[in-house]
Structures are given as structure tokens and as C-alpha cells.
Amino acid sequence: MPPSKPTTTTNDKDPAPTTLSPDEQTQRNRRLSTLRASIASLQSQIMEIESQIAQTKTKLKNDPSTTAQRHIRLLHEYNEIKDIAQGLMGLIADARGVRQVDVQREYGVDDRD
């Protein structure tokens, strides 16, 4: 079998062509094959994950940003109501001459509430 001709290739950093021996060319081809397989596997994983995201989005009642905005609005309302309730309990405590904590316990409000 006659020896094969060395392959000439270019390097991205070096514009001058490089001559590869048959062994080097075989190694290069193997690496390219491995990289192409890795790329194909990653692209498959990307498609699978995008499919899962699409399925999850269809299960949501509303757009995620709409849901987040609703939760923020509800938290503001809750905090306003809580502030009013604490103010009223403070007035009751002042009128009775007791601590506000005692009034909270009387109404079943925990310290963490």
C-alpha cells in the first residue's frame, strides 16, 4: 500500500497551512468526530429542555410575570391590613393599660404573625 499524502490544514491563529502526518490526521478526525457527537448530544438535550419548558408553561394558569405581579399586590394588601390591625390592637392596649403583646395573645395573634 503506497503511503498516503500528508494532509494540509490551516490553524485559526496561524494562517499558514500545516502538514499533518497520517497518524495526526487520524487523531484529528477522531477528535472532530467526538466533538460532533458531543454537539449533537447537547443539541438534543437543548431540544428536550425547551420541550419541558413549553409543557410547563402550558400548565400555568397565567403568564409568570402576571402571577408575580398579583402576588406582589396581594402582599401589599396583606401588609396594609396587618398594619391597621396592629394599630387597633395598640389602641386597645392603651385603653386597657396593658401591653400590646397581651392584647395580641388574647386575640390569638402569635409574635411571628
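Here is a short walk through the model, one selection at a time.

Before you click, know that this is a predicted model, where local features need pLDDT of at least 70, side-chain atom pairs count only at pLDDT 80 or more, and totals for chains, interfaces and linings use all residues. Numbering starts from 1 along each chain as its sequence is written, and side-chain values use heavy atoms, with hydrogens and water left out.

Stop 1: Helices here are DSSP runs of H or I with at least four residues, strands are E runs of at least two, and both are numbered from the N terminus.

**Stop 2: T58.** Zoom in on T58, which belongs to helix α1 (residues 22–59). Its side chain reaches the backbone oxygen of Q55 at 2.6 Å. T58 is exposed, at 64% relative accessibility (buried is under 20% relative accessible area, exposed over 50%, partly exposed in between, using a 1.4 Å probe and protein chains only).

**Stop 3: R73 and E77.** The term means a side-chain nitrogen of Lys or Arg within 4 Å of a carboxyl oxygen of Asp or Glu. R73 and E77 are four residues apart in helix α2, so about one helical turn separates them. R73 is partly exposed at 43% relative accessible area, and E77 is partly exposed at 38%.

**Stop 4: I84, L88 and L91.** Switch to a surface view for this nonpolar patch, with about 320 Å² of accessible area together. Patch members have over 30% relative accessible area and no salt bridge; like charges are joined within 9 Å, and nonpolar side chains (Val, Leu, Ile, Met, Phe, Trp, Tyr) within 5 Å. Areas come from the Shrake-Rupley method with a 1.4 Å probe, and for residues only the protein chains shown count as cover. L88, in helix α2 (residues 64–96), is partly exposed at 49%.

**Stop 5: R96 and E106.** What joins these two side chains? A salt bridge at 2.4 Å, N to O. R96 lies in helix α2 and E106 in helix α3 (residues 100–106), so the pair ties together parts 10 residues apart in sequence.

**Stop 6: R99 and D102.** Finish on their salt bridge, whose closest N and O atoms are 3.4 Å apart. R99 is exposed at 51% relative accessibility, whereas D102 is partly exposed at 31%.

Note on methods. A polar contact is a pair of N or O atoms within 3.5 Å; within protein, one must be able to donate a hydrogen and the other to accept it, and residues adjacent in sequence count only if both atoms are side-chain atoms.
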